[in-house]
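Hi there,

Here is the structure I promised to pass on to you. Have a look at it first, and then read my notes below.

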Amino acid sequence: MGDARGRRHRGALLAAAALVACALPAAASAHAYLVGSDPPAGARLSSSPARIVLRFNEDFVPGSARVTLRKTDGTDIALEPPVARGSTIAQPLPPGLRGIFLLTWNLLSDDGHPTEGSIPFSVGATGALPAATASSGPTQWPEVAADWLFFAGLALAIGGILSERLVWRAPPVRAPVLFGIGVAVGTAATSLVLLAADRVHGSLADGLDVSALRDVSESRPGALTVGMLCLLLVSAALVVARRPLVALAPLAATGVLVALRGHAGTSGDWWAPVADAVHLLAAAAWTGALAHLVLVLVAVPALRSADALPVRRYAELALPTVLVVLATGVLTALAEFRSLSSVVDTGYGRTLLVKTGLVAGALCLALASRFFALHRNPGIDVPLLRRFTLTELGLVAAVLAAAGLLVNLAPPRASTAEATSLTPAPAPVRSVPLNRKAIPTGPFVSAEEDGDLAIGFAARPLGAGRLAVTATVIDQNGNGANGLDVGVRVRSGGTDAADTASCGPGCYRADVAVQGRPREAILRIERPDGRAADVRFPFPASWPPRLATRLAREATRVFADLRTLRIDESLASGGPHVTQTVWLLEAPNRLSYDIQSGARAIIVGDRRWDRDAGKPRWVESAQTPLRQPTPTWGPAPATAALLGSGTLTGRPVWRISFVDPSVPAWYTASIDKRTHRTLALEMTAPAHFMRHTYSGFDEPLSIEPPPRSP
């Protein structure tokens with residue numbers, strides 16, 4: 001009696017744990033979604049922007065981005081190819097645009113799922129704007145079927161090996177391990193073809209193209225899929241060699257790659273792919289062992305009473321397995337649902353409810369089998385057990401189908417973020433063509449960045465106790481940013497404040513009282529949408545500042561006379577992404593650059609060689625010879641101010657500042673006091689916030705063409 005109660009207690013615990021685990025979402029593959037654009041969705045511009053920048057929450061597959069532009073009257077606008085890097089797309093636009101436009105984008109997320117959307121904007125037009133959209137694309141039913149069959153094949157392989165070795169030990173019928181591996185190999189290969197087709201936005205036939213398969217194999221999801229195929233083939237070879245337990249290692253590694261390919265692998269949380277992999281492998285062990293049990297019951301109608309022990313052994317194995325599924329399911333599901341309503345308001349949530357109902361039915365049948373078909377010890381009611389387990393396996397197959405659909409749907413977290421990213425655009429900063437001739441060049445200039453805005457600053461004395469302060473604010477299109485509320489505070493002996501008045505496109509000016517030598521100016525920049533920021537500009541060590549024009553000219557000459565040079569560059573454009581590049585320069589006309597995780601190039605005289613990121617081949621083309629080394633700032637500035645002195649890497653330096661209004665760009669340079677070599681440079685320009693560190697002055701260097709490809 002006590003043993004029966006214990007079995008019922010463990011069975012109830014098994015049912016509750018599995019039901020909760022399956023009610024939680026399996027680790028879902030989220031999709032890249034738009035988090036911002038410049039200009040923003042719904043912007044009304046007075047002049048045509050040079051480009052549109054789209055920023056996404058995660059990286060996407062290189063080469064998969066497609067951008068189109070259409071006027072609301074149906075006219076398609078021809079576009080150059082977009083420049084895509086990491087999680088950002090920069091789309092050059094033709095000049096002279098005027099009207100209301102809808103820019104549409106689609107790409108392949110880094111987890112292998114397509115996503116698409118559109119943003120409206122207008123140039124010099126006042127008509128109604130179409131609505132912005134964002135979606136994860138239509139459900140890819142071939143990919144759903146492939147995922148379903150892959151999960152089933154992996155479960156037959158992993159669960160089959162465990163069932164043979166731990167449950168039956170001498171099974172009357174072999175588990176279909178090789179069949180399961182074959183199904184997994186076939187569906188993984190199909191997924192690679194579908195991925196190649198999605199990357200080029202083509203059909204299944206396009207995905208079979210050798211070059212398309214090669215290119216997609218170099219992407220993150222493609223490389224992981226190829227790794228899965230290799231591991232599955234290794235496991236098949238080990239099973240054929242009668243080393244099934246050893247084959248569990250590559251099968252388990254396959255589960256890890258599946259987790260890395262999905263959203264868990266791109267979440268940024270180290271524990272997410274670990275939990276997801278354990279979740280998948282535990283579920284595969286449970287499902288595959290059940291399938292083997294059903295196969296034995298069907299193939300051996302006259303099962304002996306002695307075979308009740310393996311059946312009970314299976315039940316004992318299932319309990320800890322489902323508890324593992326429960327624990328890892330909780331971890332992988334923590335951040336997917338933002339509210340209870342999202343369970344019924346989203347396709348992901350409704351699919352999960354269907355899956356939960358199917359699991360509930362399967363568990364009811366499992367409990368019925370345990371309580372009724374195994375009630376006589378040691379015998380079993382084979383016909384009844386067969387009916388229960390066959391029906392249970394059918395429901396579990398439906399659960400796997402629901403899981404295959406879930407991993408192709410965007411979870412509520414991504415859906416919420418997509419909707420948030422497309423809320424109506426706030427009142428935009430007005431973009432007005434800049435008057436470069438009006439940009440002040442001295443006596444003191446400096447610059448900083450405020451998000452996507454470049455802030456140029458100039459100050460000059462107005463006599464005893466007063467300063468004239470000018471701020472030049474430029475947007476990412478190189479135009480003046482009008483419509484800002486700009487205030488200024490100057491710290492000297494005290495702190496004095498003033499409001500600025502407009503002095504032209506992107507120009508804001510104020511006269512400020514000061515008490516003694518000014519030490520710092522603080523610009524308070526408030527945008528029309530309510531965002532505000534303080535931007536700080538330290539004043540030179542002496543006021544008025546000493547001229548450094550002769551020093552700037554000497555530094556320009558020394559730079560141009562160098563034989564070799566190395567430049568370490570950091571470049572941002574107003575977002576979180578920073579591009580790191582190493583430049584090597586060799587007189588008279590040789591240079592190379594290497595962008596971290598990006599393209600490379602070599603220029604020798606009138607020839608150049610380019611190599612895209614991840615590509616093995618160099619592409620040769622003609623090139624106008626470039627004199628090197630050439631100062632980053634171009635010719636010597638007409639005027640420069642001495643900010644003060646300090647040390648850089650242990651060397652005494654002068655710090656100077658100057659501006660080139662023709663770009664426009666503001667520079668701050670650190671110049672070695674002894675050699676007049678420029679050791680560091682900061683540049684602030686529209687959409688270009690750059691930092692240079694210079695080294696390797698006149699050190700041995702030889703820039704040569706790359707070796708020819710065989």
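**What I found**

Let me start with Asp568: its relative accessibility is 26%, so this residue counts as partly exposed. Please keep in mind that the whole thing is a predicted model.

**Salt bridges**

Asp568 has a charged partner, Arg566, and the two form a salt bridge in which the closest N and O atoms are 2.9 Å apart. Arg566 is partly exposed too, because its relative accessibility is 34%, and that value lies between the 20% limit for buried and the 50% limit for exposed.

How many salt bridges are there by this rule? The count comes to 18. Here are some others to look up:

- Asp561 and Arg557 meet through their side chains, with 3.0 Å from N to O. Arg557 has a relative accessible area of 42%, so it is partly exposed.
- Asp610 and Arg608 also meet in a salt bridge, at 2.9 Å from N to O.

Is Arg608 buried or partly exposed? Its relative accessibility is 18%, so Arg608 counts as buried, since buried means under 20%.

**Aromatic rings**

Now for the rings. The structure holds 15 aromatic pairs. In one of them, Phe444 and Phe539 have ring centres 5.3 Å apart and planes at 40 degrees, so the pair is tilted. Where do these two residues sit in the chain? Phe444 is in strand E12 (residues 444–450), while Phe539 is in the loop between strand E21 (532–538) and helix H15 (549–560).

If you display Phe444, Phe457, Phe537, Phe539 and Trp543 together, you will see a cluster linked by ring pairs.

The ring of Trp654 has the charged end of Lys673 sitting over it, 4.2 Å from the ring centre.

**A nonpolar patch**

Finally, turn to the surface. Which residues form a nonpolar patch there? They are Trp270, Trp271, Val274, Val278 and Val324, and together they have about 490 Å² of accessible area. Helix H9 (residues 271–299) gives the largest share of the patch, with three residues. Val278 is found in this helix, H9. Its relative accessibility is 35%, so Val278 counts as partly exposed, and that is over the 30% that a residue needs to belong to a patch.

Enjoy exploring, and write back with any questions!

Best wishes

Terms used:
Residues numbered from 1 in each chain as written. Predicted model: local features only at pLDDT ≥ 70, side-chain atom pairs only at ≥ 80, totals over all residues. Heavy atoms only, no water. Patch = residues over 30% accessible without salt bridge, like charges linked within 9 Å, V, L, I, M, F, W, Y side chains within 5 Å. Areas by Shrake-Rupley, 256 points an atom, 1.4 Å probe, with all protein chains shown as cover. Salt bridge = Lys/Arg side-chain N within 4 Å of Asp/Glu carboxyl O. Helix = DSSP H or I, 4+ residues; strand = E, 2+ residues; numbered from the N terminus. Buried < 20%, exposed > 50% of the residue type's maximum accessible area, 1.4 Å probe, protein only. Phe/Tyr/Trp six-rings, centres within 6.5 Å; stacked < 30°, edge-to-face > 60°. Lys NZ or Arg CZ within 6 Å of the ring centre and 35° of its normal.
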